[in-house]
Amino acid sequence: MLGNLPFHFDRPGWLVLLVLVIPVFLLSRRSIGGVTLLKAWATFAIRCVVMLMLTIALARPVWEKRGEGLTVTVVLDRSQSIPLAMKDLSLQYLRDATEDRADPRDRLALITVARGAKIEAMPDRYTRIGEIQEPPDLAATNLEAGLNMALAIMPQDTANRIVLVSDGNETEGSVMAAAELAAANNVPVDILVLEYEHANEVIFERITAPSRARLGQSARIKMVLRSQGRASGYVLLKMNDEFLDLNGAAEGHAMRVDLPPGLTVLPLTISLDVAGPVQFEAVFEPLDAAADGISRNNRAVAVTFVGSEGKILVIDDAADSRYLVAALQESNMAVEVMEPAALARGPVFLSGYDAVVLANIPRWALTDEEDKGVHAYVHDLGGGLVMLGGTQSFGAGGWIDSDVARVLPVRLDPPMTRQMPRGALALIMHSTEMPQGNFWGQKVAIAAIETLSRLDYVGIIDYDFRFGGAVWEFGPALAGDKSAPIAAAKKMVMGDMPDFAASMAVAIGGLAPLPAGQKHVIIISDGDPAAPPQKLLDDFVAARISITTVLIAGHGSAADRATMKRIARYTGGTFYGPIKNPKQLPKIFIKEAKLVSRSLIVEGQEFFPQVVSRLPGPIEGFASVPSIDGYVLTAPREGLSQVPIVSPTSEGDDPIYAYWNYGLGKSIAYMSDLTGTWGSRWASWSEFRSFWEQSLRWVMRPGAPANIMVNTSLEGDVATVELEALGNDASNLNFLRMAAIVLDPDSESEPLVLQQTGPGRYRGEFRATKEGAYLVNINFVGGTVETPIRGNIQAAVSIPYPPEFKSVKHNAALLERVRQRTGGRLLSGSNPAMLDLFDRGDLEVPTSPRAVWDLLAIIAAAMFVLDVAARRIAVDRKAIAALAARTVGRRPEVGTDTVAAWKRVAQRRDRSETSVTARYEASEADRQQAIDVRQETAGAPGVGRPQKQVRETVEPEPPQDKGDYTSRLLAAKRRARNQAQQRPDQDTPPDKPPDKPDA
Amino acid sequence: MFRTSHAIPVPACVARIVPAASLLVVIAGCGAGGGDAEPAPLETRFTFGSPGRSLGQFQYPRGIAVDPVRRVLFVVDKSARVQRWSFDGEPQVQWRMPSWDKGKPTGLGVSPDGRVFVADTHEHRVIAYDADGRELMRFGRYGSGPGEFIYPTDVAFGPGGNVYVSEYGGNERISVFTGDGEHLFSFGEPGAEVGQYSRPQSMAFSADRSELFIADACNHRIVVVDPRGNPLRVIGTAGRGPGELAYPYDVCVLDDGTLLVCEFGNNRIQRFSADGRCLGVYGRAGSGRGELQYPWGIDGAGETIFVLDSGNNRVHVIRGL
């Protein structure tokens with residue numbers, strides 16, 4: 001019955017109490033005798049309302065507020081599997097379908113989705129679909145994230161509908177899980193399928209190669225291609241970036257292939273005569289490029305680790321390691337020298353070497369990823385690292401707080417007790433015009449801060465609206481442990497800087513008074529702030545403060561470049577830019593920040609290092625070492641690091657040679673160099689070769705036993721690792737303890753569990769979804785006390801292209817399941833009649849329930865007071881009239897009578913009465929007189945009547961109170977109390993009227 | 001010293017403001033002597049706009065211009081969109097600039113005949129549209145020669161239908177064109193002396209078009225010149241007190257001849273008499289009701305004033321006359 005009403009009761013049973021109205025009616029009839037009929041009915045009505053309110057309140061009424069309008073949330077798939085033309089078409093579909101809305105209250109929201117979901121427009125009636133910004137990573141499809149985002153932003157006060165526009169090829173997440181959630185919330189998901197098919201697509205499914213092989217072994221390679229139709233083309237194969245000749249005597253390297261529909265396997269046998277990791281890269285080049293829709297899936301990659309004796313990689317760009325390399329080669333150790341750029345090949349490349357030497361390499365020669373990769377190489381892959389000193393190494397090379405610094409056995413910050421000249425650095429931040437400007441601004445500021453030593457000064461300046469201009473967001477103050485400046489950098493929200501002058505004035509004001517030897521400013525800007533005045537530049541030169549300017553690519557006018565270049569050149573700094581790739585920025589900031597930290601280099605005299613420890617280790621057996629002419633200042637690290645060679649000074653021992661185990665690997669730090677600059681006497685030292693051979697052999701990763709084999713395979717996005725372990729006698733090695741990690745293409749490591757699945761066989765799985773190489777490092781321990789087995793082994797899994805590019809056709813079936821599960825509609829872009837996004841259909845308009853029992857209870861309480869008032873208050877019309885008259889400004893004519901009456905009362909009171917009885921009677925008479933006067937004045941019902949009649953109205957038992965015994969009793973008690981009070985006090989004025997029971 | 005919250009002194013010159021000039025009801029004052037009184041927020045009637053990229057939403061709006069005849073206003077933001085709004089805050093239409101890779105516009109003006117001239121700052125040109133966004137003409141290119149721009153910032157309309165374009169980035173000048181975009185002359189050069197400018201961010205003509213008020217932003221002053229560019233007087237000096245300015249980004253001339261100056265640096269609006277006396281200080285930094293964050297623009301028509309609260313992605317509407 002209440003189905004269409006906007007309310008319902010949670011506990012309707014309580015409504016039975018409404019029958020209590022009947023007894024209330026009966027009781028009211030008995031108790032309201034003596035009052036007027038109108039008052040009686042009013043009282044009864046009020047009591048009924050009170051009863052009604054209380055009963056309804058007990059029944060817990062709920063008011064349902066109905067929403068209005070419809071919200072359509074479009075989830076638009078922008079992943080790379082969808083052809084560009086189809087992407088444009090889908091946008092056009094949506095523009096046309098959302099341009100006109102029948103109901104202006106209808107709202108539209110837009111979410112774009114690829115690997116993640118991004119809100120393009122929140123639900124709004126003004127939303128129109130125009131140009132859109134693509135979500136960050138288009139190389140995957142996560143429709144679940146899109147639907148979940150849509151459910152999260154839906155308004156609760158409208159009907160809701162989701163429109164999923166996609167090709168249905170999801171590569172991450174589960175859209176069906178999100179569909180279940182939508183169905184549970186009664187939100188239909190309409191689908192608009194973006195249909196396409198690459199009819200002649202050729203996909204390079206994979207290339208298989210053994211995970212590990214011995215040097216000189218012939219390896220069996222298989223290249224697997226899948227073709228949708230007949231296709232012809234060429235296959236090229238590269239081994240470590242060099243083409244292999246696949247066509248014999250014919251010209252070129254490519255092999256002509258004619259592919260039938262389906263799978264084609266191309267086997268090949270290759271002799272592996274290169275040690276270390278060998279990467280195979282195969283590419284298919286179609287004869288008709290137009291027929292092959294997606295080119296990115298024409299590539300496959302595999303990696304084979306070719307075992308050898310220990311190999312050492314020396315990173316050197318200035319021949320700082322020439323003596324070392326010669327000595328190691330004399331010791332028959334395999335050494336390769338490369339420039340820092342080689343580190344860009346990542347941990348997979350490094351894992352082919354058992355030790356890496358950084359010979360006076362500065363931090364800014366590496367990217368953040370390369371820095372991270374070297375750390376992972378030691379910590380997770382068990383490699384060895386040696387860092388040699390020099391003017392661009394350790395703290396002087398900007399390595400403080402880098403990832404590599406965590407590997408080293410010394411702290412790169414100088415000891416707190418050391419007295420040394422300080423540097424001062426100010427960062428002027430204005431990077432708002434570049435994409436993610438605030439993010440990169442914070443990142444480069446932190447990179448620069450981390451480079452400083454704790455004794456350097458640092459400050460950050462930006463434009464902050466809260467303070468009306470350029471301000472120090474931090475400092476200038478000592479960097480200390482850097483937590484404070486880094487925290488300030490993280491909180492920084494850079495404003496748009498109108499001019500350079502204000503920020504530069506703040507900088508010079510802060511830096512000039514500081515007791516620092518080297519003072520430097522770095523300005524990062526898009527270049528459009530107004531140029532500083534010449535005088536300010538002169539002030540910087542006079543204060544010997546240099547300025548480096550970094551122009552980020554934004555507006556990039558010639559005038560911008562000229563302004564920033566001039567600031568740098570005039571003050572002795574460097575100009576960089578325009579920088580288009582923000583990843584270059586941290587290196588620049590690190591390099592520039594190090595200008596203030598030249599003080600970490602100790603040189604200018606001959607130093608005599610002392611061997612202070614002869615514990616077993618890399619320099620066991622060496623009692624003394626040659627003198628040196630300089631070194632980089634570091635501090636001993638707490639923990640298990642060993643510092644066997646130090647340089648004694650008056651302020652303590654400075655480390656010269658230190659080593660320790662770090663993670664799965666080891667590292668050695670040598671703070672001096674091995675060139676003629678500081679280490680000329682080392683190069684001519686007779687023990688030089690044996691010293692460094694012993695050090696390198698200690699730090700190198702142990703090789704894997706030859707009879708331990710590991711294989712990897714990839715199925716979908718699941719990679720499988722299988723290890724087969726045989727003893728020297730070809731028996732199975734069981735119950736080995738495995739500790740394995742997987743290093744993903746971003747150098748992030750995750751543990752991998754390997755379980756024994758058979759005699760000598762172990763197996764583990766992990767998800768591989770990122771494009772690039774996943775590296776697996778397995779440490780194993782087992783055997784017996786007599787014949788212990790210990791070692792580690794590596795393998796790799798390569799993903800040449802994202803799974804996104806394996807799709808050759810839309811997946812309408814998946815989207816149809818979503819539609820059926822949620823009760824959505826099938827939309828068609830080509831048929832406008834099937835593209836009415838705002839069709840309400842049978843959508844339910846949501847209601848928002850609100851309990852109102854408390855409101856009813858309050859009303860009932862108020863009505864109860866009204867009930868009492870209705871019975872106890874008599875309306876005095878004359879009094880109201882008089883009040884109204886006074887309100888409008890007319891004095892009532894009876895005013896003079898009132899004064900006269902009061903005078904008469906006063907005169908009577910002045911008459912002396914000796915008898916208490918007489919006084920009482922007089923008092924009583926005066927009181928009655930006053931009552932008469934008041935009633936006359938107020939126009940009470942008694943006005944104009946004989947005096948006697950008035951007095952009758954104040955008889956002890958007025959007729960109105962016949963039925964109210966309690967009231968009469970109370971009135972009698974009050975009178976008695978008044979009389980008792982008046983007897984002892986004869987002066988009490990008779991100004992108080994007697995209580996009127998019904999007043 | 002920069003972290004000290006700037007103090008707006010107690011009112012003293014309020015009495016000098018004619019009753020009709022009680023445009024902004026909450027007056028923080030302009031008297032000398034200063035004080036530590038917290039600046040009062042704007043007495044905003046209502047605001048419109050919210051963050052976003054749809055019609056009715058802003059992404060850091062930086063230019064505002066009112067068409068008093070047709071009772072609409074135009075706003076351009078950092079998504080390179082121009083939006084037309086009614087005085088009641090209803091968005092009507094939007095269009096996008098033809099390109100925006102190098103940067104977005106920072107100013108615009110409406111000519112007496114209703115054309116919308118957008119200073120396409122980082123594309124070094126001016127584009128004129130009709131009120132519905134149809135391009136009518138464009139002029140200017142990168143350079144320092146006659147008729148060329150580095151960073152044009154605003155467009156104003158002088159006597160004879162001439163178009164005045166301010167610019168910075170090295171030129172720091174005002175260039176004057178005919179209504180058809182033909183260059184007539186330029187005045188101004190970089191610097192802080194008389195006749196020199198540092199980022200002239202916007203302009204406004206007096207009602208009789210005999211005086212041009214130039215917001216000389218990085219010199220923290222308003223420069224008044226005649227239509228030929230001859231300097232007449234300077235209003236304001238750098239600072240945070242009443243009568244002082246910090247990065248004045250926009251100026252608007254009211255019907256009674258007084259000026260409203262929008263201060264990017266001080267996050268406030270300041271009112272001046274035509275001869276440069278401070279008449280009132282309004283608004284304070286923040287994101288709450290009546291507060292401003294990086295205000296870039298101000299314009300008005302009659303009693304209705306619009307303040308572009310860029311950092312908060314909204315427009316304050318104030319009515320007082």
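## Chain A at a glance

What percentage of the 999 residues of chain A count as buried? In this predicted model, the share is 44%. The secondary structure of chain A is made up of 24 helices and 44 strands. If you look at contacts within chain A between residues at least 6 apart in sequence, you will find that 77% of them join residues at least 24 apart.

In soluble globular proteins, nonpolar side chains tend to be buried together. Here, the largest nonpolar core has 266 residues, and Val356(A), Ala448(A) and Ile461(A) have the most contacts inside it. The helix α12(A) gives this core its largest share, eight residues. There is also a second, separate core of 46 residues, with Met154(A), Val163(A), Leu194(A) and Val818(A) among them.

Setting aside its neighbours within four places in sequence, Ile461(A) is in contact with Ala426(A), Leu427(A), Ile428(A) and Met429(A), among others. Its contacts also include Ala470(A), Val471(A), Trp472(A) and Glu473(A), as well as Ser503(A), Val506(A) and Ala507(A).

## Where chain A meets chain B

Now for the partner chain: 27 residues of chain A are in contact with 35 residues of chain B. On the side of chain A that touches chain B, β5 (117-124), β24 (469-478) and α12 (500-511) each supply at least two residues. The largest share, three residues, comes from β5(A). Sorted by class, this side of chain A has 12 nonpolar, eight polar and seven charged residues.

How values were computed:
Residues numbered from 1 in each chain as written. Chains lettered and ligands numbered in written order. Predicted model: local features only at pLDDT ≥ 70, side-chain atom pairs only at ≥ 80, totals over all residues. Contact = placed C-beta atoms within 7 Å. Helix = DSSP H or I, 4+ residues; strand = E, 2+ residues; numbered from the N terminus. Nonpolar A, V, L, I, M, F, W, Y, C, P; charged D, E, K, R; others polar. Core = buried A, V, L, I, M, F, W, Y, C linked by C-beta atoms within 7 Å. Buried ≥ 20, exposed ≤ 12 C-beta atoms within 10 Å, placed from the backbone.
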